[in-house]
Amino acid sequence: MISDRSETPTGEFPAHAALRAMVEVEAQNVRLADDLAASFQAFLDALTAITREATGNEAVSLLLLQVSQVSLAGARLGAQRDITPLGEFQPDVGPDADFDDVRMQLGELLGNADVYSHVLDPYQPELVVSSLADDLTAIAADLENGMRHHRAGDVDEAMWWWQFSYVSNWGSLASAVQKALHSVVSHDRLDVDNASEQDQIDAAEAVLDATSPEA
């Protein structure tokens with residue numbers, strides 16, 4: 001069989017051009033995996049730091065920020081073509097991380113705001129009662145599983161797991177958690193503003209009553 005040795009318009013042989021294209025695609029995948037790993041590790045680190053250092057009000061705002069950022073990173077996975085794993089089974093990268101302490105600390109930190117309800121699938125609406133602490137640590141567990149593959153140098157497996165778990169689990173959890181945290185922030189800010197405005201009205205009426213001729 002005679003191979004095609006004719007040059008492409010760029011002066012490269014077809015085999016060389018195909019190889020270069022494959023290398024460029026692989027380099028792009030590695031860069032994306034590294035970017036995602038940095039975002040996901042930042043989320044994991046922040047989640048632990050918040051449980052140790054933040055107060056209740058601070059925790060909600062900081063968690064909203066972190067979940068918003070990790071959701072943006074996840075959307076990049078959703079925009080990618082389907083990533084196919086190389087093997088039938090996931091390689092063993094050691095035991096799962098233990099997030100029980102973080103989950104319990106988050107539950108205590110969030111207090112009454114921990115339990116919330118959301119619609120799991122907007123096209124099949126069914127109200128689900130859940131826990132912010134449970135869902136945040138479930139997101140963390142999915143991300144950390146992929147991180148172990150990434151740290152082991154298995155970029156393809158890490159990318160497959162992050163995309164699969166984003167579509168099947170943590171993407172929808174992050175969306176629900178983000179909305180719940182936003183609701184807490186909104187009520188905190190708007191309810192306080194409304195109360196402050198009413199206080200001003202009551203104070204003004206008291207002054208008017210005190211200075212009226214009939215008083």
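Close-up 1. Phe 164 is partly exposed, with 42% relative accessible area (buried is under 20%, exposed over 50%, partly exposed in between; 1.4 Å probe, protein chains only). The model is predicted: local features need pLDDT of at least 70, side-chain atom pairs count only at pLDDT 80 or more, and totals for chains, interfaces and linings use all residues. Residues are numbered from 1 along each chain as its sequence is written, and side-chain values use heavy atoms, with hydrogens and water left out. Trp 160 counts as buried, at 17% relative accessibility. A search of the whole structure finds six aromatic pairs (rings of Phe, Tyr and Trp, the last by its six-membered ring, with centres within 6.5 Å; planes under 30 degrees apart are stacked, over 60 edge-to-face, the rest tilted). Trp 160 and Phe 164 form a stacked pair, 5.2 Å centre to centre with 5° between the planes. Both residues sit in helix α5 (residues 155-211), four residues apart, and are thus separated by about one helical turn (helices are DSSP runs of H or I, at least four residues; strands are runs of E, at least two; numbering starts at the N terminus).

Close-up 2. Six aromatic pairs are found in the whole structure. In the pair of Trp 160 and Trp 161, the ring centres lie 6.1 Å apart and the planes meet at 50°, so the pair is tilted. Trp 160 and Trp 161 are both buried. Elsewhere, ring pairs join Phe 40, Trp 162, Tyr 166 and Trp 170 in a cluster.

Close-up 3. Helix α3 spans residues 100-110, with Val 102, Leu 106 and Leu 110 buried. Seen down the axis of α3, the buried residues fall within an arc of 55°, so they line one face of the helix (the arc is that of the directions from the helix axis to the C-beta atoms). An α-helix has 3.6 residues a turn, so residues three or four places apart point the same way. Asp 101 and Glu 108 are exposed, on the face of α3 turned away from its buried side. Gly 111 follows α3, with a positive phi near 60°.

**Close-up 4. The surroundings of Glu 144.** Glu 144 lies in helix α4 (residues 132-151). Its relative accessible area is 12%, so Glu 144 is buried. The side chains of Glu 144 and Arg 151 make a polar contact at 2.9 Å (a pair of N or O atoms within 3.5 Å; within protein, one must be able to donate a hydrogen and the other to accept it, and residues adjacent in sequence count only if both atoms are side-chain atoms). Neighbours within four places in sequence aside, Glu 144 is in contact with Leu 44, Ala 97, Phe 99 and Arg 151 (heavy atoms within 4.5 Å).
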